[in-house]
Amino acid sequence: MPLDPKVEEFLKIMAKMGERPVSEMTPEEARQLILDRPAPPFSPPAIAEISNREIPGPGGNLPIRIYTPNGGGPFPILVFLHGGGFVIGNLDTHDVVCRNLCAVAGCIVVAVDYRLAPENKFPAATDDCLAAVRWVSENAESFRGKQDRIAVGGDSAGANLSTVTAIRIRDEGGPALCGQLLVYPVTDHHTPGTPSIKKFAGLFITREEMMWFSEQYLSDPSQIDHPHVHPLRAKKLTGLPPALVMTAEYDPLRDEGELYAERMASAGVSVERIRYAGMIHGFFGFLGIIDQAEQAHRDACKWLRERFMF
């Protein structure tokens with residue numbers, strides 16, 4: 001179908017703002033650009049509590065933010081890893097998303113402020129995310145969480161880190177995860193590139209920007225073959241937790257996300273796939289701007305509730 005009318009309107013507004021491409025910025029400028037953008041005009045349902053903490057991490061203290069829903073608990077837990085190309089984004093850029101997931105799914109959301117590139121190259125972010133999931137498992141009862149009901153999830157680069165965390169947990173020993181929520185995941189957008197990259201690069205995110213993010217993240221070009229960088233290149237995907245893979249029709253990353261879903265399913269992983277017609281990369285965060293963002297949240301939360309029941 002054609003681009004959603006609200007997506008078209010959003011893209012016209014972005015074009016009028018005349019922002020320089022991220023690929024022409026320094027990492028500091030790109031981070032400030034995201035922080036300067038107005039928060040989504042959306043008010044999530046009320047939740048019981050939000051608390052900021054620091055936990056031990058591989059590179060020092062690791063900031064997290066814990067969102068607790070209304071009720072007595074104990075609650076299942078979603079460890080949320082934000083997107084931003086491994087370079088930008090933080091606890092504040094995805095605050096509205098995490099509040100809404102907490103309220104609608106009725107779960108605790110633990111958002112992780114993992115180390116960013118280029119100051120901290122691969123595998124720093126993956127090490128932080130693995131450490132955070134293990135801390136959550138070991139300390140779940142201290143914040144009214146269920147140790148045996150932990151899922152991991154995120155958007156874009158955060159979805160990459162989510163599935164990489166699931167792979168590392170499988171290979172490096174626990175804790176068990178009950179699901180992975182993967183919103184337009186980065187799984188492998190390097191040469192030769194998928195049809196969706198060739199067709200849709202330039203709609204909200206360009207090929208040059210994708211390559212810029214990779215250059216910031218990796219210390220050596222040979223790392224693109226590492227399955228903890230591009231999980232689509234993993235030789236083995238058996239034994240991973242059930243996954244929901246959400247993609248957008250007009251997203252350059254659409255095909256690689258769907259290919260990853262197919263490979264997991266072929267390996268015996270329980271996979272649900274949803275492609276959102278007329279949508280672009282990033283739409284999951286456009287609450288209050290694009291109607292399908294709210295529908296995608298409802299779909300994600302429904303799937304999470306089902307996974308938490310097993």
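Where does Phe204 lie? Phe204 sits in the loop between helix H6 (195-200) and helix H7 (207-217). The notes below return to this residue after the overall picture.

1. Basis of the model. This is a predicted model, in which local features need pLDDT of at least 70 and side-chain atom pairs count only at pLDDT 80 or more, while totals for chains, interfaces and linings use all residues. Residues are numbered from 1 along each chain as its sequence is written, and side-chain values use heavy atoms, with hydrogens and water left out.

2. Overall build. The chain has 9 helices and 8 strands. Helices (H or I, at least four residues) and strands (E, at least two) are DSSP runs, numbered from the N terminus. Along the principal axes, the C-alpha atoms fill a box of roughly 50 × 40 × 35 Å.

3. Of the 310 residues, 57% are buried. Buried means under 20% relative accessible area, exposed over 50%, and partly exposed in between (1.4 Å probe, protein chains only). Among contacts with a separation of 6 or more, 77% join residues 24 or more positions apart; contact means heavy atoms within 4.5 Å.

4. Nonpolar cores. In soluble globular proteins, nonpolar side chains tend to be buried together. A nonpolar core is a set of buried Ala, Val, Leu, Ile, Met, Phe, Trp, Tyr and Cys residues joined through side-chain atoms within 4.5 Å. The largest one here has 58 residues, and Ile77, Val79 and Met264 touch the most other members. Helix H4 (residues 124-139) gives this core its largest share, 7 residues. Another core, of 46 residues, lies apart from it and includes Leu78, Leu91, Ala293 and Phe308.

5. Met264. Not counting residues up to four places away in sequence, Met264 touches several residues, including Gln180, Leu182, Leu237 and Val271.

6. Met25. This residue is in the loop between helix H1 (5-17) and helix H2 (27-36). Why does Met25 count as buried? Met25 is buried because its relative accessible area is 10%. Leaving out residues up to four places away in sequence, Met25 touches Arg20, Ala30, Leu33 and Trp212. The C-alpha atoms of Met25 and Gly179 are separated by 36 Å, and the two residues are 154 residues apart along the chain.

7. Cis peptide bonds. Pro118 lies in the loop between strand S4 (108-112) and H4. A cis peptide bond also joins Gly174 and Pro175, where omega is about 0 degrees. Pro175 is in the loop between helix H5 (157-172) and strand S6 (179-183).

8. Positive phi. Ser156 has a positive phi of about 60 degrees although it is not a glycine. Ser156 is placed in the loop between strand S5 (145-155) and H5, and counts as buried because its relative accessibility is 9%. Phe204, also not a glycine, has a positive phi of about 75 degrees. With a relative accessible area of 29%, Phe204 is partly exposed.
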